[in-house]
Amino acid sequence: MESKEFLKLMVEQTGVSGFENPVAEVIKKAFATVADDVCTDVLGNVIARKQGEGDERISIMLAAHMDEIGMMITKIEEGGFLKFIAIGGIDQRTLVAQEVKVHGKRDVLGIIGMKPPHLLSPEEVGAAIKMQDMVIDLGLPIEQVKELVTVGDLVTVHRPFIALAGDFVAGKAMDDRAAVAVLLECLQELQKIRHKADVYAVATVQEEVGLRGALVSTYHIAPQIGIAIDVCHGEMPGVPEQDTAPMGKGPNIALGANIHPKLYERLVEVAKEHNIPYTIDPVPGPSGTDAWAMQVTRSGVPTALVSLPLRYMHTSVETLSMADVKSTGRLLAYFIASIDKSFVEGLLCY
Amino acid sequence: MLLKRLSEAFGPSGCEGEVRNILMEELAPHVKEWRRDALGNLIAVKGSAGGLRVMLAAHMDECGLMISSIDRSGLLRFRKVGGIDDRVLVSKHVIVGSKKISGVIGAKAVHLQKPDERNQIIPLSGLYIDIGAKSKEDAEKLIKIGDYVVFATEYKALSDTVVVGKSFDDRAGCAVLVEVLKDEYALDIYGAFTVQEEIGLRGAGVAAYAIEPDLAIVLEGTTCSDIPPSKEYGYCTTLGQGPAITIMDASVICDRRMIAELVRIAKDHDIPLQFKRSVTGGSDAGKINQTKAGVPVVVISVPCRYIHSPISMLNLTDFHNTIKLVKLFLKSIAEGGFVL
């Protein structure tokens, strides 16, 4: 499947942390077209396995999280208006005047509205609207709301996939489903090239609430190498250049304590060899990604992190370049093709 | 459906062409004489009974944005057209210019913010539209400075009676006026679809000057804030409780006799009716009222939640009752049941 089409299918589907099943179904179907087998573990991680050639059993795990930030209903107010809280890191300012889907008995469309400017008092105009003061309006009488919605139901922003100029795309949950698209891109590339390693491509759950899916899936797979694919901040006004990576200039390869130095070196070598553009991401401490959990699983896993530059993270218009998705997929495939048993053994020699 | 077409049409103040075309197309079987003026007002003329000259007005324009400059990086800076609260702009999909290019208004990631930033409004100077252009030159192939921008909002039904879409202020009024103009009345009817209401009631005044009406009815999609945390006294109007009559707003004091007749008709025909319970904001009625030697006016509105934002909401029962009420009012005027 074309990765843009796959990404569209994923971001228009729901998968709030802990409730990834709807998007997991889309991913399972796509992975099944390129993997030897696909399974789901106890927490809901989707694990696709593609076996390597020969008798050297070496294994590599690629992890990209499929969960997204969202909201949860906490109360049905008089008039049928719904109060809610955030799941994951949501900027309350991105919710104003937004269309949302309440995932009740069925998906119900609603609005998080705001008072029109005509009726605002002077003291109301000076500050951001607090999430606790917002309500979801379904436009339905309370009896009907109560039939459809219960406390604990999930909410996501309604945002169809947006194709921008050139190869840029925008939408919700691009963090980190664009990286799940990288997994598919990589697996498709691996059908064309020879590789010795068994590849486990994992769409992980519950990253946004604490890297939980990566923790258990890494334990389960016990890989000899782990690579997390996530997003980093793309260059944009108002953010210092040194905190961002340029858009469309290839994967942002991390280095630092979370990253095994030899994996970093090999990734850079492979990128150079295949003329894949890349940038470097110095990560001095916690990477805040699945790589952080993978590294300390069991007796330790040599870990790397490759990121896609993305603008407006955790809004409903997260924007990125499809060229970066493709080049990151290729980089990972060529990296996997480059490793053998002696390289893996060398990772333990400090 | 007409309301859907009108809601999704591209028409910020000064750029009402697309709305104008939809209206003329829709009314072609019912209107023989059209007038257009120097500002772009569209006036449907019906009847020549030599009777009372009645002006009905609804504005075609909507609030929007306009591209003011292009950064070297290809990102677009913009200014606001009409009264848009900066807070509704963040994290939205927009449509830019006549080529209808998709863009997004993003915001700095929550991860990069200081905690107190999340309580502050992002000022207009910190916002921009990203169309995916990689440079200024790249962007210039798709858009140009001065291009208008609207929100990319699709009209949808939330239930049999409640619908959402952009710009119900005042495409709801336009749709009401279209339905009203499909009937015949023993009056000289001037159906004025006006321009530039949102930037200062600019179109209605010149339209009224040319029409010289004996009386005028302004049709609006008006504010409604019957939601928490607003207190009941601040609702302004209530969704689903019928057309709203303005007694007074910041621009006009409506004609008492016309209001009384509307109340009588509503009562006689069991049409729910409410008064607009705030005096803020203005409407085309303000300009029409003060045209030439003065014109008695009244404003009849469909209550709409969340106007001037990317998505507003109205109740179709209110909408249909507004059409019914206006038609009955015109018949009453024609029958002389009501004398100014």
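This is a predicted model: local features need pLDDT of at least 70, side-chain atom pairs count only at pLDDT 80 or more; totals for chains, interfaces and linings use all residues.
1. Domain bounds here come from an automatic or database domain assignment. On that basis, chain A splits into domain 1 (3-68 + 172-346) and domain 2 (70-157). Residues are numbered from 1 along each chain as its sequence is written, and chains are lettered from A and ligands numbered from 1 in the order in which they are written.

2. How do the two domains of chain A meet? Their centres, taken over C-alpha atoms, are separated by 33 Å. Eleven residues of domain 1 of chain A are in contact with twelve residues of domain 2 of chain A (contact: C-beta atoms, placed from the backbone, within 7 Å). On the domain 1 side of chain A, the touching residues are three nonpolar, five polar and three charged. For those classes, Ala, Val, Leu, Ile, Met, Phe, Trp, Tyr, Cys and Pro count as nonpolar, Asp, Glu, Lys and Arg as charged, and the others, Gly among them, as polar.

3. Chain B has its own division, into domain 1 (2-62 + 166-334) and domain 2 (65-151). The C-alpha centres of these two domains of chain B are 32 Å apart. Eleven residues of domain 1 of chain B touch eleven residues of domain 2 of chain B, and the domain 1 side has five nonpolar, three polar and three charged residues.

4. As for chain B overall, I'd note eight helices and 17 strands (DSSP runs, H or I of at least four residues for helices and E of at least two for strands, numbered from the N terminus). The radius of gyration of chain B, 21 Å, is close to the 20 Å that the globule rule gives for 340 residues, so chain B is as compact as a globular protein of that length. That radius is taken over C-alpha atoms, and the rule is 2.2 Å times the number of residues to the power 0.38. Along the principal axes, the C-alpha atoms of chain B fill a box of roughly 65 × 45 × 40 Å.

5. Lys46(B) deserves a look. Is Lys46(B) buried or exposed? Lys46(B) counts as buried because 21 C-beta neighbours lie inside 10 Å; the cut-offs are 20 or more other C-beta atoms within 10 Å for buried, 12 or fewer for exposed, and partly exposed in between, with C-beta atoms placed from the backbone. Lys46(B) sits in strand E2 (residues 42-46) of chain B. Beyond neighbours within four places in sequence, Lys46(B) contacts Val31(B), Leu181(B) and Ile189(B).

6. Now the chain-chain contact. Chain A puts in 51 residues and chain B 57 residues. Strands E6 (98-103), E7 (107-112), E10 (162-163) and E11 (168-171) of chain A each supply at least two residues of the chain A side. That side divides into 27 nonpolar, 15 polar and nine charged residues.

7. E10 and E11 also turn up in an open, antiparallel sheet of three strands in chain A, ordered E10-E11-E17. Pairing here requires at least two DSSP bridges between strands. E10 and strand E17 (318-321) of chain A are the edges, each with a single partner strand, so one side of each has no neighbour in the sheet. E11(A) and E17(A) pair over four bridges.
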